[in-house]
Amino acid sequence: MSILCHSDEIAEGKSKGFQIAETFLFAVKKHGKIYVYKNSCPHLGIQLEWQDHEFLDIDASMIQCSSHGALFKIEDGECVLGPCQGQSLIKIDFTLEQGMITVQQ
Ligand code: FES
């Protein structure tokens, strides 16, 4: 079990990357809700961000892979545009206890 951070540490419409041992994850906050995914693009299995903690497109409406521009829905990780269209990011279950985002990793 690992604590990623307090949910207040992720601003609305922002994302944050994490490394737990050899596993890379990221979290997004949208409309006050947190979503956590494995940081691995279904296209080539590489990390998505274009720079540290930056996983979203220009208007923060979608998750964007920096390599070939695939766009994923924040809510369920489905790729709606790009080379892996129809595939999805791997969603990570987490608990929120006293605001702490905790994963079973
Ligand atoms: S590696 Fe993500 S779109 Fe190609």
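The questions and answers below set values computed from this predicted model against the definitions behind the words used for them.

This is a predicted model in which local features need pLDDT of at least 70, side-chain atom pairs count only at pLDDT 80 or more, and totals for chains, interfaces and linings use all residues. Residues are numbered from 1 along each chain as its sequence is written, and side-chain values use heavy atoms, with hydrogens and water left out.

Q: What makes up the secondary structure of the protein?
A: Helices are DSSP runs of H or I with at least four residues, and strands are runs of E with at least two, numbered from the N terminus. By that count the protein has zero helices and nine strands, and along the sequence the pattern reads β-β-β-β-β-β-β-β-β.

Q: Why is the protein called as compact as a globular protein of its length?
A: The radius of gyration is taken over C-alpha atoms, and the globule rule is 2.2 Å times the number of residues to the power 0.38. The protein has a radius of gyration of 13 Å, close to the 13 Å that the rule gives for 105 residues, so the protein is as compact as a globular protein of that length. Along the principal axes, its C-alpha atoms fill a box of roughly 40 × 30 × 25 Å.

Q: Why is K30 called buried, while E75 is called partly exposed?
A: Buried means under 20% relative accessible area, exposed means over 50%, and partly exposed lies in between (1.4 Å probe, protein chains only). K30 has 19% relative accessibility and therefore counts as buried, whereas E75, at 34%, is partly exposed. Buried residues make up 40% of the 105 residues in the protein.

Q: What makes the pairing of K30 and E75 a salt bridge?
A: A salt bridge is a side-chain nitrogen of Lys or Arg within 4 Å of a carboxyl oxygen of Asp or Glu. The side chains of K30 and E75 meet at 2.8 Å, N to O, and the pair is a salt bridge. It links distant parts of the chain, with K30 in strand β3 and E75 in the loop between β6 (71-73) and β7 (79-81), 45 residues apart.

Q: Which residues are linked in a network of salt bridges?
A: The network links K73, D76 and E78. The closest N and O atoms of D76 and K73 are 3.4 Å apart, and those of E78 and K73 are 3.3 Å apart. K73 is partly exposed at a relative accessible area of 28%, as is D76 at 34%. The structure holds three salt bridges.

Q: How do you know that D57 has no salt bridge?
A: Lys and Arg count as positive and Asp and Glu as negative, while His and the chain ends are not counted. The nearest side chain of opposite charge to D57 is K30, which is 8.7 Å away, and D57 is buried without a salt bridge. D57 sits in the loop between β4 (33-38) and β5 (62-64).

Q: What does the side chain of D57 reach?
A: The side chain of D57 reaches the backbone nitrogen of S61 at 2.9 Å. A polar contact is a pair of N or O atoms within 3.5 Å; within protein, one must be able to donate a hydrogen and the other to accept it, and residues adjacent in sequence count only if both atoms are side-chain atoms.

Q: Why is S15 called buried, and which backbone atoms does its side chain reach?
A: S15 has a relative accessible area of 12% and is therefore buried. S15 lies in strand β2 (residues 15-20), where its side chain reaches the backbone oxygen of H53 at 2.8 Å and the backbone nitrogen of F55 at 3.1 Å.

Q: Which residues touch the most other members of the largest nonpolar core?
A: A nonpolar core is a set of buried Ala, Val, Leu, Ile, Met, Phe, Trp, Tyr and Cys residues joined through side-chain atoms within 4.5 Å. Of the 16 residues in the largest core, F26, L48, I63, F72 and L89 touch the most other members. The elements giving two or more residues to this core are β3 (23-30) and β4. A second, separate core of 12 residues includes L4, C5, F18 and I101.

Q: What is F72 in contact with?
A: Contact means heavy atoms within 4.5 Å. Leaving aside neighbours within four places in sequence, F72 is in contact with residues including C41, P42, L48, M62, I63 and L89.
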